[in-house]
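Here is a friendly walk through a few helices and a sheet. Have the model open as you read.

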Amino acid sequence: MKLRLEARPEPSRLALWSAPLLATAATLCVGFIVFTALGRNPVAAFDAFFIAPVATRYGIAELLLKASPLMLIGTGLAIGYRANVWNIGAEGQLTLGALAGGGIALAVGEADVPSALLLPAMFIAGALAGMLWAAIPALLRTRCNANEILTSLMLVYVATLLLSWLVHGPWRDPEGYNFPQSKIFAANALLPILLPETRLNAGFVLALAVVALAWLFVRRHIVGFEMRVAGLSPGAANYAGISWRRNIWLGMLAGGACAGLAGVGEAAGPIGQLLPSMSPGYGFAAIIVAFVGRLHPAGIALASLLMSLLYLGGESAQVNLALPSAVTGLFEGTLLFFLLAADVLVNYRPRIVAAAA
Amino acid sequence: MADSPAVPRLALRGITKRYPGVLANDRVDLDVLPGEIHAVLGENGAGKSTLMKIIYGIAEPDAGEIRWEGEALHVANPARARKLGIGMVFQHFSLFETLTVADNIRLALERAQTRQLRQRIRDVSSRYGLPLQPARRIHTMSVGERQRVEIVRCLLQKPRLLIMDEPTSVLTPQAALRLFDTLRTLASEGCSILYISHKLDEIRTLCHRATVLRAGRVTGQCDPRRETTASLARMMIGGELPHTVHRAARVGAPALCVRALDVAPDDPFGTRLAGLSFDVCEGEIVGIAGVSGNGQKELLAALSGERTLARADAITLCGEPVASLDAFARRRRGLAFIPEDRLGRGAVPEMTLADNALLTARDHGHVARGFIRTRRVLAFARQTIAAFGVKASGPEAIARSLSGGNLQKFIVGREIGQRPKVLIAAQPTWGVDVGASAQIRQALLDLRERGVAVLVVSEELDELIEICDRLAVIAHGRLSPAKPVRETSAEEIGVLMAGATAHETAAAEALAQ
């Protein structure tokens, strides 16, 4: 007897919905073995990972807070990914966005500018800066056929160093005891809090709005359709006269704009100033979020919540159970591995065949 | 003959193979005697290729028995098949273009067989009338020559059963006749040949016996030399061959004009187009014949706008220079194009029929201020499905789930449904069953009736002669002048397809008289 995968004539709806559940079950099984082998009570570990972080109002607010940038960036990246435009540099575009938005906040300083003017200006500047950073790989790709995966990734390090120079040098807070950080933003440059006594801010609403807009673009707009065609079948796109250059520009700029917005959201939200590093790797984690969410805006919204829960659960397990951070990384990796593996069942079905004579 | 004729070289009993959603072979029995040229006849999708894949060890049957010289056995893979003495020449070649003939052949042989290879290639190729130079690189060779490499590669392994899958689809009529001589010589030496085709005339002249497949089942066995084309067709399609109605042309003004078209190939092994000029007028069908790989791909890409050119007036559409415009801009000016590849070019395999209808019909009121008018697109898709009798569950069916012929009908319907002024069709009936082919040809004739200019690029000479008003031949990237079909013959076109110029043809004709 051997197991064989057979292509389904049409994708299975049942598998589409049950794949995440299957993956979760498989992860719990592996987790059970790992935690038992480490001599911990698996039930306590699961509790620390999945229940404790969201057992309080504050916990839920943190979940949504961390999900916001992931949701924003994932949605922007997915627009490009659907058209086979591989923007890997969202972390750099986020940094540039934070730098531009934060730059405006610092320039205004203590001057009395209403929030309703200042915050939109910061977000517009952030989106433009993210787009500018994403435009470099787009230009190199369309003019010189340079691979955007490499160029966008390399620009991440350029962006990080640029911000690092600014906060070590010209933008450093003179009263900050020589720490590499800018002044703390004035109150009018900070995002309003949604839930009192938590850190959840209006950035979350912005993220939801972007998800809704992206859904409208992908499903209903002709350009979204054309980009989908280009991703599924470049030959058919060329046949139908869909410009690959335009797709690269749109794909890169959409990702850059969303990452830039997320950067401003971090600077004007939980951080409130500019630091040498503005994100714990949201730009890279959002790539995973985009794929776990199957490049669909609603899926990405859910996947960003899952990723955020893994972030919080990892911290909670480290603090409460003194588990090494490597174990939390392993647990996250296992879940993503099973999620992507279970996706195979959407297009294929397993069949047991008699072994060859 | 070495073997006793009583024992079939190959006997299949009750071979059954099921693919998801389709029963490809249903209890197929087949006997091939030593030294016999045995035809397997059937429409596309009848299960011929699946059966051959089972014999050659590429696919495994779900049920049934294979007997080789009287002995039941299991053909696990093609290497095992070759060891038994089964050789196969595929419809689509598997050769490395950058390597030489000898290197390509060496790759397929076992080490012990590669000694003095070049000499042996020369010996075998001259013995069977398949001239080959072992040191030549594949990319410099025509399709017919490449097929010779594949055949010689099989022959060097001294096969006792040779499977030929639609071998003449890439040959000129003359080259096909030479191939038949080779196959007859082989058969007279005791080699059995399984000859797969849907061309009835060929089977009648070449084969000793024919097994007819329809929808995966054997529907008849006969001696094709004693049958008529019509009786074979009845066995193959279970009905009469459909006829097309061809009325006199009412030719109008030129709608598509090509002037001194020069195109350098994108692909290093492509063909350079050199100074092509021709017109297609309203209300006529112009055909371009030729063996594939002679510049058709480059010409079609330049005409459709998949490749744009710097000199805009190389191609004019209804008087407007369009060569520098992209494919969609040309469509807006009244061009429609049916490409030869359906999945991945003419249609997106993973998308629904409705989405695929929108693929090329992105104006025609299907989009308002950038947003898709879903209801109109669905209506257009439904209309196309109904008008062309496409067998599909509806506009939400995934393109990949349709059979090749049905998808082609949908694509033809979609292009015609956009009411073009000029329609270009590449291999419109390639891989399509007889009934659907006739329907597609009739649709092209109806368009001509309505005053549309139609250009058909095809390798199927019979089809071109049936529907075209004028016919030109492309060879080595050059185009012969288009001649009215009535003033030419299959023989003359065959000579042109082989690459001779019109001048040489005239000389050959003079000599013959």
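## A helix pair in chain A

In this predicted model, helix α1 (residues 13-37) of chain A and helix α13 (residues 325-347) of chain A have axes that come within 8 Å and cross at roughly 145°. The crossing of α1(A) past α13(A) is right-handed. Residues making the contact include Ala19(A), Ala23(A) and Val30(A) from α1(A), and Phe331(A), Leu335(A) and Phe338(A) from α13(A). By type, the contact residues of α1(A) and α13(A) are 17 nonpolar, three polar and one charged.

## An enclosed helix in chain B

Now look at helix α5 (residues 143-155) of chain B. Ten of its 13 residues are buried, so α5(B) is largely enclosed by the rest of the structure. Among them are Gly144(B), Arg148(B), Glu150(B) and Cys154(B). The buried residues of α5(B) pack against β6 (86-89), α3 (101-108), α4 (117-127), β7 (161-165) and α6 (173-188) of chain B.

## The sheet in chain B

Chain B also has an open sheet of six strands, ordered β6-β7-β8-β3-β9-β10, with mixed pairing. Because β6 and β10 (217-222) of chain B are at the edges with a single partner strand each, one side of each has no neighbour in the sheet. On average, neighbouring strands of this sheet are turned by 20° against each other, direction ignored.

Within the sheet, β7(B) and strand β8 (residues 192-197) of chain B run parallel, joined by five bridges. Leu162(B) sits opposite Ile193(B) of β8(B). Helix α6(B) packs on the sheet, where it touches β3 (37-41), β7 and β8 of chain B, and its direction makes about 145° with that of β8(B). Helix α8 (residues 229-237) of chain B packs on the sheet too, touching β3, β9 (209-214) and β10 of chain B.

Methods. Residues are numbered from 1 along each chain as its sequence is written. Chains are lettered from A and ligands numbered from 1 in the order in which they are written. This is a predicted model: local features need pLDDT of at least 70, side-chain atom pairs count only at pLDDT 80 or more; totals for chains, interfaces and linings use all residues. Axes are lines fitted to C-alpha atoms, for helices over the stretch in contact, and angles run from 0 to 180 degrees between N-to-C directions. Helices (H or I, at least four residues) and strands (E, at least two) are DSSP runs, numbered from the N terminus. A crossing is left-handed if the near helix is turned anticlockwise from the far one by less than a right angle, and right-handed if clockwise. Two residues are in contact if their C-beta atoms, placed from the backbone, lie within 7 Å. Ala, Val, Leu, Ile, Met, Phe, Trp, Tyr, Cys and Pro count as nonpolar, Asp, Glu, Lys and Arg as charged, and the others, Gly among them, as polar. A residue is buried if 20 or more other C-beta atoms lie within 10 Å of its own, exposed if 12 or fewer, and partly exposed in between; C-beta atoms are placed from the backbone. Two strands pair if DSSP finds at least two bridges between them.
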